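Good morning, and thank you for making time for this presentation. I would ask you to look at the sequence and the model first, and then to follow me through the details.

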Amino acid sequence: MMNMQAISMTMRNMKTTKTDILEKKLDIFFLNLPWWDNHLPYAAPGVLKGIVEHHGYSFKSYNSSLDLMNIFCKRNIDEYVNLMNYFVGYSDNGQDLINQFYLHIIDKIKKNPCKYLAISVFSVFTHKATI
(Lines give C-alpha, C1' and ligand atoms only; values in the text may rest on other atoms or scores of the structure.)
Protein backbone atom coordinates (compact mmCIF):
# COMPACT_ATOMS: atom_id res chain seq x y z
CA MET A 1 0.00 0.00 0.00
CA MET A 2 1.35 3.42 -0.94
CA ASN A 3 1.97 5.91 1.85
CA MET A 4 0.92 9.56 1.62
CA GLN A 5 4.42 10.72 0.68
CA ALA A 6 4.55 8.27 -2.25
CA ILE A 7 1.09 9.40 -3.41
CA SER A 8 2.15 13.04 -3.17
CA MET A 9 5.35 12.38 -5.17
CA THR A 10 3.35 10.51 -7.82
CA MET A 11 0.87 13.40 -8.09
CA ARG A 12 3.69 15.93 -8.57
CA ASN A 13 5.10 13.84 -11.43
CA MET A 14 1.80 13.96 -13.35
CA LYS A 15 1.60 17.03 -15.59
CA THR A 16 -1.48 18.45 -17.29
CA THR A 17 -0.83 19.66 -20.85
CA LYS A 18 -2.55 22.47 -22.74
CA THR A 19 -4.17 19.84 -24.97
CA ASP A 20 -5.64 18.14 -21.91
CA ILE A 21 -7.13 21.43 -20.73
CA LEU A 22 -8.55 22.27 -24.17
CA GLU A 23 -10.05 18.80 -24.52
CA LYS A 24 -11.20 18.90 -20.89
CA LYS A 25 -9.48 15.60 -20.30
CA LEU A 26 -9.58 14.48 -16.69
CA ASP A 27 -6.35 13.62 -14.97
CA ILE A 28 -7.94 10.67 -13.15
CA PHE A 29 -11.21 8.80 -13.64
CA PHE A 30 -11.80 6.52 -10.66
CA LEU A 31 -14.08 3.55 -11.32
CA ASN A 32 -15.70 1.62 -8.48
CA LEU A 33 -16.84 -1.78 -9.68
CA PRO A 34 -19.96 -3.48 -8.30
CA TRP A 35 -20.05 -4.51 -4.70
CA TRP A 36 -22.70 -5.53 -2.22
CA ASP A 37 -23.74 -2.58 -0.04
CA ASN A 38 -24.98 0.50 -1.90
CA HIS A 39 -26.00 2.18 1.34
CA LEU A 40 -22.41 2.11 2.73
CA PRO A 41 -20.20 3.65 0.03
CA TYR A 42 -16.42 3.52 0.27
CA ALA A 43 -14.72 6.54 1.80
CA ALA A 44 -11.58 6.03 -0.30
CA PRO A 45 -12.78 7.82 -3.49
CA GLY A 46 -13.59 10.95 -1.47
CA VAL A 47 -10.23 10.86 0.29
CA LEU A 48 -8.37 10.30 -2.97
CA LYS A 49 -10.32 13.12 -4.63
CA GLY A 50 -9.28 15.49 -1.84
CA ILE A 51 -5.61 14.55 -2.16
CA VAL A 52 -5.59 14.76 -5.97
CA GLU A 53 -7.46 18.07 -6.16
CA HIS A 54 -5.27 19.53 -3.40
CA HIS A 55 -2.32 18.98 -5.74
CA GLY A 56 -4.12 20.65 -8.65
CA TYR A 57 -5.33 17.66 -10.63
CA SER A 58 -8.83 16.85 -11.82
CA PHE A 59 -10.60 13.77 -10.51
CA LYS A 60 -13.98 12.19 -11.10
CA SER A 61 -15.30 9.01 -9.57
CA TYR A 62 -18.02 6.71 -10.84
CA ASN A 63 -19.74 4.15 -8.63
CA SER A 64 -20.96 1.56 -11.13
CA SER A 65 -22.83 -0.30 -8.40
CA LEU A 66 -25.47 2.44 -8.29
CA ASP A 67 -26.11 2.14 -12.04
CA LEU A 68 -26.30 -1.63 -11.70
CA MET A 69 -29.01 -1.27 -9.05
CA ASN A 70 -30.94 1.67 -10.52
CA ILE A 71 -30.69 1.13 -14.28
CA PHE A 72 -30.11 -2.56 -14.84
CA CYS A 73 -31.98 -4.03 -11.87
CA LYS A 74 -34.65 -1.29 -11.95
CA ARG A 75 -34.24 -0.84 -8.18
CA ASN A 76 -35.31 -4.46 -7.61
CA ILE A 77 -33.29 -5.66 -4.63
CA ASP A 78 -33.85 -9.36 -5.43
CA GLU A 79 -32.46 -8.93 -8.95
CA TYR A 80 -29.55 -6.95 -7.53
CA VAL A 81 -28.74 -9.69 -4.99
CA ASN A 82 -28.86 -12.29 -7.77
CA LEU A 83 -26.32 -10.30 -9.77
CA MET A 84 -24.14 -9.78 -6.71
CA ASN A 85 -24.13 -13.56 -6.30
CA TYR A 86 -22.67 -13.73 -9.81
CA PHE A 87 -19.84 -11.41 -8.79
CA VAL A 88 -18.96 -13.40 -5.68
CA GLY A 89 -19.07 -16.67 -7.62
CA TYR A 90 -22.25 -18.20 -6.23
CA SER A 91 -24.15 -18.11 -9.53
CA ASP A 92 -23.70 -17.98 -13.29
CA ASN A 93 -27.17 -16.46 -13.80
CA GLY A 94 -27.48 -13.03 -15.33
CA GLN A 95 -24.64 -13.21 -17.86
CA ASP A 96 -26.59 -11.27 -20.52
CA LEU A 97 -27.40 -8.46 -18.10
CA ILE A 98 -23.80 -8.42 -16.89
CA ASN A 99 -22.57 -8.09 -20.49
CA GLN A 100 -24.92 -5.12 -21.05
CA PHE A 101 -23.71 -3.62 -17.79
CA TYR A 102 -20.03 -3.86 -18.82
CA LEU A 103 -20.86 -2.18 -22.14
CA HIS A 104 -22.47 0.61 -20.08
CA ILE A 105 -19.28 0.96 -18.01
CA ILE A 106 -17.17 1.10 -21.19
CA ASP A 107 -19.45 3.88 -22.48
CA LYS A 108 -18.97 5.81 -19.20
CA ILE A 109 -15.20 5.52 -19.55
CA LYS A 110 -15.34 6.73 -23.16
CA LYS A 111 -17.43 9.74 -22.10
CA ASN A 112 -14.82 10.66 -19.48
CA PRO A 113 -11.48 10.78 -21.31
CA CYS A 114 -8.65 10.76 -18.83
CA LYS A 115 -4.91 10.47 -18.46
CA TYR A 116 -5.25 7.74 -15.85
CA LEU A 117 -8.04 5.23 -15.29
CA ALA A 118 -8.09 3.92 -11.73
CA ILE A 119 -10.13 0.80 -11.00
CA SER A 120 -11.12 -0.01 -7.44
CA VAL A 121 -10.61 -3.51 -6.11
CA PHE A 122 -10.97 -2.59 -2.44
CA SER A 123 -13.18 -5.49 -1.41
CA VAL A 124 -13.48 -9.18 -2.08
CA PHE A 125 -16.79 -8.48 -3.81
CA THR A 126 -15.13 -6.41 -6.53
CA HIS A 127 -12.39 -8.92 -7.34
CA LYS A 128 -14.47 -11.02 -9.73
CA ALA A 129 -16.04 -7.89 -11.23
CA THR A 130 -12.53 -6.72 -12.15
CA ILE A 131 -11.70 -9.84 -14.12
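Lysine 49 and glutamate 53 both lie in helix 3 (residues 44-54), 4 residues apart, which is about one turn of the helix; helices (H or I, at least four residues) and strands (E, at least two) are DSSP runs, numbered from the N terminus. The two residues form a salt bridge, with 3.1 Å between the closest N and O atoms; the term requires a side-chain nitrogen of Lys or Arg within 4 Å of a carboxyl oxygen of Asp or Glu. Lysine 49 counts as partly exposed because its relative accessibility is 34%, and glutamate 53 counts as partly exposed at 39%. Here buried means under 20% relative accessible area, exposed over 50%, and partly exposed in between, with a 1.4 Å probe and protein chains only.

Before I continue, a word on the source: this is a predicted model, in which local features need pLDDT of at least 70 and side-chain atom pairs count only at pLDDT 80 or more, whereas totals for chains, interfaces and linings use all residues. Residues are numbered from 1 along each chain as its sequence is written, and side-chain values use heavy atoms, with hydrogens and water left out.

The structure holds 2 salt bridges. In one of them, the side chains of aspartate 107 and lysine 111 meet at 3.2 Å, N to O. Aspartate 107 is partly exposed, with a relative accessible area of 33%, whereas lysine 111 is exposed at 60%.

As to the overall arrangement, the protein has 7 helices and 3 strands, and from the N terminus on its elements run α-α-β-α-β-α-α-α-β-α. Of its 131 residues, 35% count as buried. Among contacts (heavy atoms within 4.5 Å) between residues at least 6 apart in sequence, 72% join residues at least 24 apart.

I turn now to helix 4. Which residues of helix 4 are buried? They are Ser64, Ser65, Asp67, Leu68, Met69 and Phe72. Serine 64 is found in this helix, which spans residues 64-72, and its relative accessible area is 0%. Leaving aside residues up to four places away in sequence, serine 64 touches Leu31, Asn32, Leu33, Pro34, Phe101 and Ile105. At the start of helix 4, a side-chain oxygen of asparagine 63 comes to within 3.0 Å of the backbone nitrogen of serine 65. Methionine 69 counts as buried because its relative accessibility is 14%. Just after helix 4, lysine 74 takes a positive phi of about 50°.

Finally, the aromatic residues. The whole structure contains 4 aromatic pairs; rings of Phe, Tyr and Trp (its six-membered ring) pair if their centres lie within 6.5 Å, and planes under 30 degrees apart count as stacked, over 60 as edge-to-face and the rest as tilted. Phenylalanine 72 and phenylalanine 101 form an edge-to-face pair, 5.5 Å centre to centre with 80° between the planes. Because phenylalanine 72 lies in helix 4 and phenylalanine 101 in helix 6 (residues 95-110), the pair ties together parts that are 29 residues apart in sequence. Both phenylalanine 72 and phenylalanine 101 are buried, and Phe72, Phe101 and Tyr102 form one aromatic cluster.

Conventions: Polar contact = N/O pair within 3.5 Å; in protein donor to acceptor, adjacent residues only side chain to side chain.
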